[in-house]
Number of protein chains: 4
Amino acid sequence: MYFGSDNQAGASDKVMAGLMAANSGVSAAYGDDEWTAKATKQIQQMFDCDAEVFLVSTGTAANCLALSCMASPWQTILCHGQAHIINDELTAPEFFTQGARLVGLDSELPKLTAASLEKHLSFGAAHPPHNAEPGVLSLTQLSEAGQLYSIEELNQLTSIAHEHGLYVHMDGARFANAVAALGCHPSEISWKAGVDVLCLGATKNGALCAEAVVFFNKELAKNFVAQRKRAGHLISKSRWLGAQFCSWLDDEHWLALAKHANSMAAQLSAELSQLSFMREVWPVAGNELFMIMPKQAIEFVRERGAIFYEWPQNLLPAHIEVAEGEDAVRFVTSFRTTGDEVSGFVGALKEFSTCQHCSIST
Amino acid sequence: MYFGSDNQAGASDKVMAGLMAANSGVSAAYGDDEWTAKATKQIQQMFDCDAEVFLVSTGTAANCLALSCMASPWQTILCHGQAHIINDELTAPEFFTQGARLVGLDSELPKLTAASLEKHLSFGAAHPPHNAEPGVLSLTQLSEAGQLYSIEELNQLTSIAHEHGLYVHMDGARFANAVAALGCHPSEISWKAGVDVLCLGATKNGALCAEAVVFFNKELAKNFVAQRKRAGHLISKSRWLGAQFCSWLDDEHWLALAKHANSMAAQLSAELSQLSFMREVWPVAGNELFMIMPKQAIEFVRERGAIFYEWPQNLLPAHIEVAEGEDAVRFVTSFRTTGDEVSGFVGALKEFSTCQHCSIST
Amino acid sequence: MYFGSDNQAGASDKVMAGLMAANSGVSAAYGDDEWTAKATKQIQQMFDCDAEVFLVSTGTAANCLALSCMASPWQTILCHGQAHIINDELTAPEFFTQGARLVGLDSELPKLTAASLEKHLSFGAAHPPHNAEPGVLSLTQLSEAGQLYSIEELNQLTSIAHEHGLYVHMDGARFANAVAALGCHPSEISWKAGVDVLCLGATKNGALCAEAVVFFNKELAKNFVAQRKRAGHLISKSRWLGAQFCSWLDDEHWLALAKHANSMAAQLSAELSQLSFMREVWPVAGNELFMIMPKQAIEFVRERGAIFYEWPQNLLPAHIEVAEGEDAVRFVTSFRTTGDEVSGFVGALKEFSTCQHCSIST
Amino acid sequence: MYFGSDNQAGASDKVMAGLMAANSGVSAAYGDDEWTAKATKQIQQMFDCDAEVFLVSTGTAANCLALSCMASPWQTILCHGQAHIINDELTAPEFFTQGARLVGLDSELPKLTAASLEKHLSFGAAHPPHNAEPGVLSLTQLSEAGQLYSIEELNQLTSIAHEHGLYVHMDGARFANAVAALGCHPSEISWKAGVDVLCLGATKNGALCAEAVVFFNKELAKNFVAQRKRAGHLISKSRWLGAQFCSWLDDEHWLALAKHANSMAAQLSAELSQLSFMREVWPVAGNELFMIMPKQAIEFVRERGAIFYEWPQNLLPAHIEVAEGEDAVRFVTSFRTTGDEVSGFVGALKEFSTCQHCSIST
């Protein structure tokens, strides 16, 4: 009954098999290997587009290297107030961009709104060079709250950004889950929707450790090779990055993995909605559920082996009330989650709800 | 009728005379001159304290060099949402601190509140090293909205900061005006009130170009000399910084200059409060007035030679309503402002209010 | 017949098997997994010392993160003029240290000498803060020229460094080869010889992608966790780093791999020394040979499948003469090099020397 | 008898008078004042060229801001091994350029040679992105050794640089002395000789504290305004920079000041060459003399009020021998040096040479 994080599952068997197969023999290093070349071609095919593609080993590296190619050190980067880049990457964005500033908007909503973006940009920089001017809009798909931006929402947000001269970055750590949820083509929520640079995450969705930075706006890629080397992110035995992606991309393996994770989340959500003491913070959209639940229930199911995390209450919207005996929690499903885990977990909660000693009055 | 900025007046006659007198003969360079030594001693006397003192030429350099000695590149610096460091120094704080992050609080209030600070700090950094932890609290006295922090307010804010392990920085660009307004001893709103490092501004209050970074917490000064040199802020003919401060500090010249500026602002405020079409945003506390006034009136007095600036509406508190025909403006008085300027300006506004062609119906 | 680089072999079977085994099930992320904990303990045992240990994925990251914990941005880092950090890591050292300066010494010798170090340090910084002061000595074992520092040489160099207040960093990309060559205990050429921080490379010696930063001077480790996160080098599925090291360290697998590589190099050297037209630049010490050879011979053996690289002539010592028809080359052996490759390569060269059409007159 | 540094004289009377005159009344701030505008026009006239001009307060700021507009963080900046930027500005160049690397050439010669530059550039970057590629050539006119680059030498050096795609920066802290020495037009040793960006120093030659960054290659100026603000070098009461330059430039005041300094140095050199115990390191070219002299003589004249500095022996060419009882010294003349100071100093040395008790046997 593991619902902790999609970072804590290992890699899929197919990805591991590819890695093993790639290990034999010598091969050119530093990204000049055949697996990297093949993965690049596969990603271009996935997006039906002649993008510049670079592979790196962590999501923070992917996001921050991308941003370092998009923002000047004296510009701001607009993002949701709970975005991974502002909340979970220490000050890596400042380090890689050499001092650009993150500005968080809509912290109390589950995703960024066009109205907030429009309002922020309408003020502009009244007195340059005293004020920092916006240079990049960063969107996260799925959002940090597990929510989806629709194709329309993306188009609206990126149009506003481009009208004001901003580039658009997308943190796609759960991009595969978004494609699976929307049933769209990957291009529709990336370059066709105005995204200049996408960080395509494989790690959370079945790879061991592999992220791709995809420059649809190829001019922005000019300094990537230098920035990556300078940040120590050019891998010598680069085939192990390429090989992971080759397997992950082959035969839409990535989509199958994401669909499974999403369906497990949907099933979990459907079951939990039957329980009166469990309240959703936001509706499930991909592979994450955010709920308010009794502290006693948390304790009860943890004793029975369930693993999941509390969600910091300062990241909840203002209108969500958390009572004294409750806590906010996050459940994440992954390609490894099984139906048995879901039913086992739901069973434990049902047991809790009927248990005399632990019954609750809500 | 000049109410534009206290940056636009030249230096006081006394400061200029001191500068001239210091120019003769050769003298040691790079801060080893006798004027710098004397100014340092005078500042220690001013604060009744054995502080480490360094002189620099701009307020941005003073603030950012100070912060570079106080914050790690992976910490946050908490400040008011309209603070000069977050709003008017481009991304200099990030540059000097090598990537520390500014977090603005209480943007819609005229100064920082203990409640907001307490709330922000109570969340802490849930998952280090993923989240950036607060390292510094930066206060501005007078605040950007021209408001005063009382001795009590300062003590409360710095106590909260220190309890959470933060250092306290004070941007004292208008520190002299604050001392003049409170009638207190300089130490009472600096080190005695928990300030670790004060940037004492002379430029806005009668100097040509001179700021002092005063380390009450002397351990924090360890890297200042290296940081200053590295940022190109070590002046060769350093006597011209020292000499300005010597005159400015001599015989409480600084206090006389600030008192004059404050009294001109008070007089202006008293007169303008008689005019029904002029509304104060915040009450006058030092040498700055923020008001809402009819656009027609702005045009009318400008044609008669008045100089002052609009204040960006996104920097106003949410409850302040600005009607279609109105604008927010800022009036700043300085050591050079004369009673004639004040009465001339008020006269022009009275003329406006009685003028047939331009009368307004508010 | 592959003598290109020890970066281009894949991982050893044992390392890959360990990686596969570690993939099953969920596990804590971000370095909190059991494999990382076990590898840390194994490294402490390897060095017989309670060091702080951190795992990262590239040598550049290891070196530069270590240096970022050792040098101030206004200090210099002394190294050999051909060190990897000054020659092969772009400006990563400057990026990670936020501006410390590399100073290369002894560029025309195969390793750093005590005399040069002593001479450089004797000048000191005549006029602080105008001149940058040395803060770190960085040694590479094996050196870039494939040479060994003896225990005595290390002790002498680190003593000089410590006497002048410098910390000592060791780039140990080929540390295992050095231990194998010297037949010493790992501690004797690391902490017992005055090394404060060692970057222990596994990648070139049988791992897929794994380096350890070993802080013998534990106080220096204070900021490592923040620096690593900020540089995007904290791996989410960290078990894949830990698992590689567990296998690599188990049962002195690392030493067996290094001994093999060294013995192949020794064998190659012995054979090549029989050929009059092959001249050694430096004697073989570990797993690298540097030679001058006829261009015709290079072409001849490459046509027969040999792979190896030219060595830039500006990196050769001044006294080495390279004639018109010659080139400098580097042969690197690895854990994967076979006796057949060596004898095949030597055979091809012998064929070249007796071949009528391609015979040379040297 | 002051021959210490041209940084230790105050400003010329004319410059101070201009500063006083500019102080009255209010004026636009942050470089929008009339004096800055006028100085810009005067500098364009001085160079007969439509350059972009920016004023700053220190030489380190001028050099490093210029370099930050010319070099990428992953490039190298080639300069003489004793250049001010590599020897006397701490690690400011690294700080401003965010990590570009200085490479010093010809350390043992008094100025950079075409041969060394050509040789260094011929190697190129063998393995990008592993090696840092040269991006900028920085020349100092007068050189750090007080030597002149002729028009021909400059043309040769800048041609080589441009052929290899480098930009050319000139540190002109003593540019006025060079123009006075060569009797040429300022344009002939700047843009007509291939200089892209000149840092024109006024401070050492009669100003209080004023340097101009002159972009002949105007495209390079694109980011200057942002970089200057971000480094805290945008002066609020900017008229004091403009006013200094207005006076300094008016009626070729700068040239008169430099000619005087040079003529005093020539006179001093002529007199000292008569004394057998004084040996020139390099011939005098501008306003600096470098000599080897007996320690006893140093002591003797210092007791009689002479002020001057020892020159670090590690900055001397290898062929210069300094005996046990000798030291290398530097004499600098300035606009303030008088004939009486020169003759007084020479007199003291003559007295020394005839003095029984202190006679020397060389």
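**Exercise 1.** In which loop of chain C is the place of C:P129?

*Solution.* The model is predicted: local features need pLDDT of at least 70 and side-chain atom pairs count only at pLDDT 80 or more, while totals for chains, interfaces and linings use all residues. Residues are numbered from 1 along each chain as its sequence is written, chains are lettered from A and ligands numbered from 1 in the order in which they are written, and side-chain values use heavy atoms, with hydrogens and water left out.

Step 1. C:P129 is placed in the loop between α6 (114–123) and β4 (133–140) of chain C; helices (H or I, at least four residues) and strands (E, at least two) are DSSP runs, numbered from the N terminus.
Step 2. The peptide bond leading from C:P128 to C:P129 is cis, with omega near 5°.

**Exercise 2.** Describe the backbone at A:L142 and A:Q98.

*Solution.* Step 1. Most residues other than glycine have a negative phi, and most peptide bonds are trans.
Step 1. A:Q141 and A:L142 are joined by a cis peptide bond, with omega about -25°. A:L142 belongs to the loop between β4 (133–140) and α7 (151–163) of chain A.
Step 2. A:Q98 is not a glycine, yet has a positive phi of about 65°. The loop between α5 (92–97) and β3 (101–105) of chain A contains A:Q98.

**Exercise 3.** Determine how α1(C) and α10(C) are oriented to each other.

*Solution.* Step 1. The axes of α1 (residues 13–22) and α10 (residues 239–249) of chain C come within 8 Å and cross at roughly 140°. Axes are lines fitted to C-alpha atoms, for helices over the stretch in contact, and angles run from 0 to 180 degrees between N-to-C directions.
Step 1. The two helices, α1(C) and α10(C), are therefore oblique to each other (angles under 35 degrees count as roughly parallel, over 145 as roughly antiparallel, 65 to 115 as roughly perpendicular and the rest as oblique).
Step 2. On the side of α1(C), the contact (heavy atoms within 4.5 Å) is made by C:K14, C:V15, C:G18, C:L19 and C:A22; α10(C) contributes C:R239, C:W240, C:A243, C:Q244, C:S247 and C:W248.

**Exercise 4.** What area is buried between chain D and chain B?

*Solution.* Step 1. The contact takes 48 residues from chain D and 48 residues from chain B.
Step 1. The buried area (the accessible area, 1.4 Å probe, that two parts lose on being put together, summed over both) is about 4,000 Å², with 62% given by carbon and sulfur atoms.
Step 2. D:F95, D:R230 and D:K237 supply 20% of the area that chain D buries against chain B, more than any other three residues.
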